[in-house]
Amino acid sequence: MLYMALELSNETWKVTFGDGADRQPVSVPARELPKLREAEAQAKERFGMPAATRVVSCYVAGRDGFRLHWLPIVPTGITI
């Protein structure tokens with residue numbers, strides 16, 4: 001399982017991915033869901049996880065935090 005925490009702002013989203021033992025912080029442009037998916041794929045590769053690994057969003061903070069739960073990331077396999 002890959003854990004994902006988000007800190008949202010108008011211009012940049014700070015994302016931290018983790019496997020429960022280690023963390024990888026990255027930044028992606030705000031509201032750029034394809035870039036978020038790219039960062040997720042890179043994190044899975046870094047942690048040696050298969051592409052089909054389940055992703056769990058364990059923390060969302062910031063300006064768009066609640067709205068993010070309704071964006072189309074849910075059907076892509078990210079559990080919130």
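Me: What pattern does the protein chain follow when read along the sequence?

Reply: In this predicted model, the order of elements is β-β-β-α-β-α-β. That makes two helices and five strands.

Me: Why is Phe17 called buried?

Reply: The relative accessible area of Phe17 is 0%. The cut-off for buried is under 20%. Phe17 falls under that cut-off, so the label applies.

Me: Where is Phe17 placed, and what is Phe17 in contact with beyond its neighbours within four places in sequence?

Reply: Phe17 belongs to strand β2, residues 12-18. With those neighbours left aside, its contacts include Leu2, Tyr3, Met4, Val26, Leu36, Ala39, Ala43 and Phe47. For Ala43, which is 26 residues away along the chain, the C-alpha to C-alpha separation from Phe17 is 6.5 Å.

Me: How do you know that β2 and strand β3 pair?

Reply: Pairing requires at least two bridges between the strands. β2 and β3 (residues 23-29) have seven, in the antiparallel sense, so they count as paired. Within this pairing, Lys14 stands opposite Ser27 in β3.

Me: What lies between the strands in the hairpin of β2 and β3?

Reply: Four residues lie between the two strands, and Gly20 in this hairpin takes a positive phi near 100°.

Me: What makes the approach of the Lys44 side chain to the side chain of Glu40 a polar contact?

Reply: The distance is 2.9 Å. The limit for a pair of N or O atoms is 3.5 Å, and one must be able to donate a hydrogen and the other to accept it. The Lys44 and Glu40 side chains are listed as such a pair. The Lys44 side chain also reaches the backbone oxygen of Thr53, at 3.0 Å.

Me: Which residues does Lys44 touch, not counting those up to four places away in sequence?

Reply: Lys44 touches Leu2, Met49, Pro50, Ala51, Ala52, Thr53 and Val55.

Me: How much of the protein chain is made up of buried residues?

Reply: Of the 80 residues, 36% are buried. The chain exposes about 5,000 Å², with carbon and sulfur atoms supplying 53% of that area.

Me: What share of the contacts with a separation of 6 or more comes from residues 24 or more positions apart?

Reply: The share is 43% in the protein chain.

How values were computed. Residues are numbered from 1 along each chain as its sequence is written. This is a predicted model: local features need pLDDT of at least 70, side-chain atom pairs count only at pLDDT 80 or more; totals for chains, interfaces and linings use all residues. Side-chain values use heavy atoms; hydrogens and water are left out. Buried means under 20% relative accessible area, exposed over 50%, partly exposed in between (1.4 Å probe, protein chains only). Contact means heavy atoms within 4.5 Å. Accessible areas come from the Shrake-Rupley method with a 1.4 Å probe; for residues, only the protein chains shown count as cover.
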